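Here is a walk through one protein model, for anyone who likes to click through side chains while reading. Keep the viewer open and follow along.

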Amino acid sequence: VGSHGTLCRHISESMRLERFRRDRTLAHVVPLVAFMLVGGGLTAITGSLDGLFRDHVYLPWWRRFPEHWIYPVQTFLAGGLLVLWWRHYELRWEPRKFLFGALLGVVGIGVWILPTQLYDWWGIKEAEPGGWKQALGILPRREGFDPGIFESPAGWWATTIFRMLRAVIVVSLVEELLWRGFLMRFLLNPDGDYWAQPFGEASWKSYLVVTTLVVLIHGPADWAAAFVWGSLMYGCAVWTRSLGACVVMHAVANFLLGWYALSFGKYGLW
């Protein structure tokens, strides 16, 4: 009886896992939600433990700069979920659409970095100039994720590679899967079979809701740029009808943003 009960439990658990893996909605929603909850939760915990983290210059790096291990944790967790649900994702090879997405990514990230570049070009001295300049993100953006905390080349390269993997691959996938892959469709038919809606179907409702959420998950300094970015990304989805093109647009933009942050010391951008 004991062996039979154990076998039944194993079968039941396997069936639940398989139903979990077959759920298309969970496949598009959970990776980003888990990514944000883990990152936000660990950041809040380490931020609240002042005596253990960020307290003294002589503390080891993992206590002074916990984001350097929190980000890899996010990357592995979300990456594992993406692998688990990979069969659900519509990422067909479409070279022309991918090229269009890449070009939009260049334009979008150009808009994103323009405010802080204007800060340098205009020779502004104030760290927070206030008024409309600050509202548009015309700030130095020097404080942020800096691989330079590691003196050894191996440490610098390791943290930089993980940061790029997180930004270019994981973030591009989890955000586009939820915002464009799921939410755009859901808003078109929330009470019915929203998966029957074709990808990239346009509506003012989905544009306003999705773009607003994209803006709000960023800090105030990025709101103006995020609105333009979210609008361009929505346009990419509507014009190409390709989720893959949206992921490529996001990946190209994040790669260029990382390169710019590292090259010009604008660590507050990422």
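## Ground rules

This is a predicted model, so to speak of local features pLDDT has to be at least 70, and side-chain atom pairs count only at pLDDT 80 or more, while totals for chains, interfaces and linings use all residues. Residues are numbered from 1 along each chain as its sequence is written, and side-chain values use heavy atoms, with hydrogens and water left out.

## The overall picture

We have 10 helices and 0 strands here, and reading along the sequence gives α-α-α-α-α-α-α-α-α-α. Helices (H or I, at least four residues) and strands (E, at least two) are DSSP runs, numbered from the N terminus. Taken along the principal axes, the C-alpha atoms fill a box of roughly 75 × 50 × 30 Å.

Of the 270 residues, 44% are buried; that word means under 20% relative accessible area, with exposed being over 50% and partly exposed in between (1.4 Å probe, protein chains only). As for contacts (heavy atoms within 4.5 Å), residues 24 or more positions apart account for 69% of those with a separation of 6 or more. The accessible surface comes to about 14,300 Å², and 67% of that belongs to carbon and sulfur atoms. Those areas come from the Shrake-Rupley method with a 1.4 Å probe, and for residues only the protein chains shown count as cover.

Ile161 sits in helix α7 and counts as partly exposed because its relative accessibility is 46%.

## Salt bridges

Side chains of opposite charge can pair when their charged atoms come close. Taking a salt bridge as a side-chain nitrogen of Lys or Arg within 4 Å of a carboxyl oxygen of Asp or Glu, the count comes to 8. One of them joins Arg185 and Glu90, at 2.9 Å from N to O. This pair links distant parts of the chain, with Arg185 in helix α7 and Glu90 in the loop between α4 (67–84) and α5 (95–121), 95 residues apart. Arg185 is buried at 3% relative accessible area, whereas Glu90 is partly exposed at 24%. Arg24 joins in too: Arg24, Glu90 and Arg185 are linked in a network of salt bridges.

Another salt bridge pairs Asp222 with Arg141 (3.1 Å, N to O). Asp222 lies in the loop between α8 (204–216) and α9 (223–240) and Arg141 in the loop between α6 (131–135) and α7, so the pair ties together parts 81 residues apart in sequence. Both Asp222 and Arg141 are buried. For a local counterpart, look at Glu176 and Arg180, whose closest N and O atoms are 2.8 Å apart in a salt bridge. Both lie in helix α7, 4 residues apart, about one turn of the helix, and both Glu176 and Arg180 are buried.

Arg63 is found in helix α3 (residues 61–64) and is buried, with a relative accessible area of 19%. A polar atom of the Arg63 side chain lies 2.7 Å from the backbone oxygen of Leu52. Leaving out residues up to four places away in sequence, Arg63 touches Gly51, Leu52, Phe53 and Arg54.

Gly40 is placed in helix α2 (residues 24–48) and is partly exposed, at 38% relative accessibility.

Definitions and conventions
Polar contact = N/O pair within 3.5 Å; in protein donor to acceptor, adjacent residues only side chain to side chain.
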